Amino acid sequence: MQKKLLVLLSLLPLLTACSSFTGVINQRYGARVIETNEEAVTAYKKSHEIIGEEKEILGAVLPEFFFQEPLDFSGEEKPRSLSTEPLIVGKDVSEGRYTVSKNEIMQSGYLTVLDAEGEVVYRHFLDFSKNAVELNLYEGMQLKANDGYQPRLLMTGVPAVGMTPLEEGQYQFVNGVFHVGEQIEPGEYVFSLPAGYHTSGVNYVYVLETDGSFRVFEMTGDMRDWMDTSIRLTLEAGQVLYVATNSSLTLTRQ
C-alpha cells in the first residue's frame, strides 16, 4: 500500500500537465500516438473537472476513512507533537477530529496515517503554504511524522480554520476532510484560491458521495500570471469535501 501511494503521488504533476486546459493532448510519445479525449477536454473547460483514467488514478489516493461518519473535535487545545513513533488512536489519543499543523519553527513535515494493521493509508506534506490539515481519526488508526531537532508536526483537538468567516457569506478552509451538513452548510458555493495567491502549483477539490463515488476538480495557480480557476459547486448534505490544495481555500456562498 505504501509503495502504491508514493507512486501515485509522484504521478500527479505529470497527470496535471496532461489534463490542464486541454485534457489528454493528441501527440506522439516516441512511437506511440496519444489520442485526444474530447470528453475530458469538454469537462475540464466547463468546470475544471477531471474525468476518465486521470480521475481514477487521482482517486486511488483517497483512503476509505474519508468516507466514514464525521467525528467531533475533542476540545484538547494543548498541542501534542508527532514523531516517527506512532500515536495510536483510542490508546494514546482519543478518537475524534483533529488538526495537524506544521511547527512554525520547522520548514516542513510529512504526516503519515496508518490503519490498525500498520499499512499506510494516507500521507500529507505540510509546509509554509499548506500548514494545516483537518482529519477524522478513528479508533485503531496510527499517526506519525518525520523527526527533527524539534517536532515538525503538532496535533490538537480544535479546528485550525474550518468554516472561518472572512466576510458575510465567505469562508476559508484549510486542507482536509469536511462533511456537508457538519463542517459545511449545504448550498451553492464558488470555490477560489485566496486573494493574493502567489504559489505555483496544482490544487484539487474532491466531492465524495455516500455510495463511494467521487468527482475531482483542478484549480491551478502560477506566481507569474494570475489566473481565475474558480469553480461553482452545489453541495448537498451527506457529501464529503476533500481539500488538497497548496494553500487555504475560499468558499463564497451564492
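This is a predicted model: local features need pLDDT of at least 70, side-chain atom pairs count only at pLDDT 80 or more; totals for chains, interfaces and linings use all residues.
1. The structure contains 10 aromatic pairs. In one of them, the ring centres of Phe66 and Tyr122 lie 5.3 Å apart and the planes meet at 65°, so this pair is edge-to-face. The two residues are 56 positions apart and belong to distant parts of the chain: Phe66 is in the loop between α3 and β4, and Tyr122 is in strand β8.

2. Tyr206 and Tyr242 make a tilted pair, with 5.3 Å from centre to centre and 35° between the planes. Tyr206 belongs to strand β16 and Tyr242 to strand β19, 36 residues apart. Tyr206 is buried at 2% relative accessibility, and Tyr242 is buried at 6%.

3. Over the ring of Phe214 sits the charged end of Lys55, 4.8 Å from the ring centre.

4. Strand β8 also has a place in an open sheet of four strands, ordered β5-β10-β7-β8 with antiparallel pairing. Strands β5 and β8 are at the edges with a single partner strand each, so one side of each has no neighbour in the sheet. Strands β7 and β10 pair over four bridges, and Val113 stands opposite Leu143 in β10.

5. For the protein as a whole, there are three helices and 20 strands. Of its 254 residues, 46% count as buried.

How values were computed:
Residues are numbered from 1 along each chain as its sequence is written. Side-chain values use heavy atoms; hydrogens and water are left out. Buried means under 20% relative accessible area, exposed over 50%, partly exposed in between (1.4 Å probe, protein chains only). Two strands pair if DSSP finds at least two bridges between them. Rings of Phe, Tyr and Trp (its six-membered ring) pair if their centres lie within 6.5 Å; planes under 30 degrees apart count as stacked, over 60 as edge-to-face and the rest as tilted. A charge sits over a ring if NZ of Lys or CZ of Arg is within 6 Å of the ring centre and within 35 degrees of the ring normal.
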